[in-house]
Amino acid sequence: MRREFAILGAGRLGRTLGRLLARRDYLPAGLSCRTLRSARQARRFIGGGVPTTSNLQAAARARIVLIATPDREIVPVARELARGRLPWTGRIVAHTSGALSSAALDPLKNRGASVASVHPLASVAAARADVELRGTPFAIEGAPGAVRVLRRLVADIGGHPVTIPREAKALYHLIACSLSNDLVAYLACGFAGAKGLGIGPRQAARLYLPLIRGTVDNVSNLGPVKALTGPISRGDVATLRLHSEALRTLPADVRRVHRILALRSTSLALQAGTITTEVAARMVRLLGTIP
Ligand SMILES: NC(=O)c1ccc[n+]([C@@H]2O[C@H](COP(=O)([O-])OP(=O)(O)OC[C@H]3O[C@@H](n4cnc5c(N)ncnc54)[C@H](OP(=O)(O)O)[C@@H]3O)[C@@H](O)[C@H]2O)c1
């Protein structure tokens, strides 16, 4: 029997999940958005479901209710739903925020719903017809009954369910943003810095991206300690001196970030046993002189 689901906030992620679920053993029932136009677009994309601007009416149609509104709307939507007359016992309600925990749904828990959060560790920039979330980790936490159903749901669309402690959701999300969004900012700094070579950021990306991809592969295959290469891992102090000269051409924030990360690299090299403590101390002193 196909399980009915509702999506409240059928935007980029909501539509994506809805389409993937509808392709499996799940039946789209209620779809709500701020605007009816958007809810109708969601129905076309998902291939079913009744579009509405009423979250309560959408939720009433299903036992599994996914809230994929922007984060700021999750608590207000939970309160709005809890004020309605719908019986909540036996319903599973989950939101898709990475930073908020299932506690955001306490108003519904107090009404008898089994609540959880389910967050795909993926960047869905647009709802695309050929979308796949196969192999994507989904962080899940919440009431045991809801977690059981959601783990199954995630596995059914090819995702990889992982458990994150409720109190660590903000930390989990911060790390995701740091490794993904901050990395983008760092790469942008590096590409901009390459103008001293007489090339623009696009050409710089072409020049350096194979190296960056290879590095990510190495970290994935070997872990960070063994993946570290370069002058710090070799204890090459003379090369570091050349770098500190070149660094003078770059902005102060890039110099600071470089210094902090190079200190981390020094610890990694020590852990890997590729440099001695004496060489590490010389490198730390040199890095401390970066303006
Ligand atoms: N996109 C991603 O890569 C991604 C990945 C992981 C997790 N998430 C999480 O998923 C959630 C949604 O993100 P998104 O990127 O999909 O956002 P989005 O594309 O902006 O979609 C949000 C949807 O929510 C609707 N909405 C706004 N306020 C509402 C309300 N009060 N009641 C009902 N519907 C409402 C909007 O309706 P209208 O279209 O009518 O404005 C829109 O359809 C967020 O919690 C986000 O943290 C997103």
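Student: Which residues does Val-65 touch, not counting those up to four places away in sequence?
Tutor: In this predicted model, Val-65 touches Ala-6, Leu-8, Ala-59, Arg-91, Ile-92 and Val-93 once residues up to four places away in sequence are set aside.

Student: And which residues have the most contacts inside the largest nonpolar core?
Tutor: Those are Val-65 and Leu-150, in a core of 54 residues. Helix H6, residues 144–156, gives the most to this core, with 6 residues.

Student: What does the second, separate core include?
Tutor: That second core has 7 residues, and Ile-232, Ala-262, Ile-275 and Leu-287 are among them.

Student: Changing topic: how many residues surround the ligand, and which are the closest?
Tutor: The ligand is surrounded by 27 residues, of which Gly-9, Gly-11, Leu-13, Arg-34 and Ser-38 are the closest. Two or more residues of this shell come from each of helix H1 (12–23), helix H4 (71–83) and strand S6 (114–120).

Student: How does that shell divide into nonpolar, polar and charged residues?
Tutor: The shell around the ligand has 13 polar, 10 nonpolar and 4 charged residues.

Student: Now Ala-176. Where is its place?
Tutor: Ala-176 lies in helix H7, which covers residues 169–193.

Student: Why does Ala-176 count as partly exposed?
Tutor: Ala-176 is classed that way because it has 18 C-beta neighbours inside 10 Å, whereas a buried residue needs 20 or more and an exposed one has 12 or fewer.

Student: Which residues is Ala-176 in contact with, leaving aside neighbours within four places in sequence?
Tutor: Ala-176 is in contact with Gly-98 and Leu-121. Leu-121 is 55 residues from Ala-176 in sequence, yet their C-alpha atoms are 7.7 Å apart in space.

Key. Residues numbered from 1 in each chain as written. Predicted model: local features only at pLDDT ≥ 70, side-chain atom pairs only at ≥ 80, totals over all residues. Helix = DSSP H or I, 4+ residues; strand = E, 2+ residues; numbered from the N terminus. Contact = placed C-beta atoms within 7 Å. Near = placed C-beta within 6 Å. Nonpolar A, V, L, I, M, F, W, Y, C, P; charged D, E, K, R; others polar. Core = buried A, V, L, I, M, F, W, Y, C linked by C-beta atoms within 7 Å.
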